[in-house]
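This report covers the pockets of one model and the sheet and helices around them.

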Amino acid sequence: MPIHLEISRLHRLLVIVARGQVTPDDVRDLVRQMVDNDVRHFSKIIDVSSSSSDMSREQVEAMAVMLRAEKGAATRGPIAFVIHPERQGFADLFADATKTDRPVRLFRSLHDARRWLQDLPR
C-alpha cells in the first residue's frame, strides 16, 4: 500500500505518508483505518510530496461528500498537507473541497505543517 499511517495517541496526531501512485481505493482504505482506530478527530499531517494521483476534481469532491456523511464526521481534525511545490494534485483538490469543514492548509515543509497544527487553538 502506498500510504503509511502512524498514530500518536499521546499527541492526538496522525502522520500519513503517501509514496508513488495513490488510488481512490488506497484513500478509502486509509479512511477505514482511521475510523477503525477511532482517530478521525486527531490532527493530521499528510505528506503527499512524493506521491501522485489521477483522481479528478469530481472524484475528490464525491469523496469529501461521502466523508461528511459518515458517522463522526463532525469531529474530524485539522489537516496539514505537505506537498511538492511544483505539483498540484489530490491535496489541492481535497483542501478546496473540505475547507469549510475544518482547518486545512498546504505546506512545503513538514516543520511548517507541524508548527501550524501546534499553534491552532484547542
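β3 makes the greatest contribution to the lining of the largest pocket, giving six residues. Strands (E, at least two residues) and helices (H or I, at least four) are DSSP runs numbered from the N terminus. The model is predicted: local features need pLDDT of at least 70 and side-chain atom pairs count only at pLDDT 80 or more, while totals for chains, interfaces and linings use all residues. Residues are numbered from 1 along each chain as its sequence is written, and side-chain values use heavy atoms, with hydrogens and water left out.

**Pockets**

A pocket is an open set of points on a 1 Å grid over the protein atoms alone, where a 1.4 Å probe fits and protein lies on both sides within 12 Å along at least five of seven lines; lining residues have an atom within 4 Å of a point. Points are joined across faces, edges and corners, and a volume is the space filled by probe spheres set on them. In the classes below, Ala, Val, Leu, Ile, Met, Phe, Trp, Tyr, Cys and Pro are nonpolar, Asp, Glu, Lys and Arg charged, and the others, Gly among them, polar.

| Pocket | Volume | Lining by class |
|---|---|---|
| Largest pocket | about 460 Å³ | 18 nonpolar, six polar and six charged residues |
| Second largest pocket | about 150 Å³ | three nonpolar, three polar and three charged residues |

The largest pocket has 30 lining residues, and I46, V48, F81, F90 and A91 are those nearest its centre. At least two lining residues come from each of β2 (13–22), α1 (24–36), β3 (43–53), β4 (79–82) and α3 (90–98).

The second largest pocket is lined by H11, R12, L13, S43, I45, R114, L117, Q118 and R122. Here α4 gives the most, with three residues; β3 and α4 (110–119) each supply at least two.

**Sheet and helices**

Five strands form an open sheet in the order β1-β2-β3-β4-β5, with mixed pairing. β1 (3–8) and β5 (104–107) are at the edges with a single partner strand each, so one side of each has no neighbour in the sheet. From one strand to the next the twist averages 15°. Two strands pair if DSSP finds at least two bridges between them; β4 and β5 do so in the parallel sense, over four bridges. A80 is opposite R105 in β5.

α1 lies across β1, β2 and β3 and runs at about 165° to β2. α4 also packs on the sheet, touching β2, β3, β4 and β5, and its direction makes about 170° with that of β4. Contact means heavy atoms within 4.5 Å. Axes are lines fitted to C-alpha atoms, for helices over the stretch in contact, and angles run from 0 to 180 degrees between N-to-C directions.
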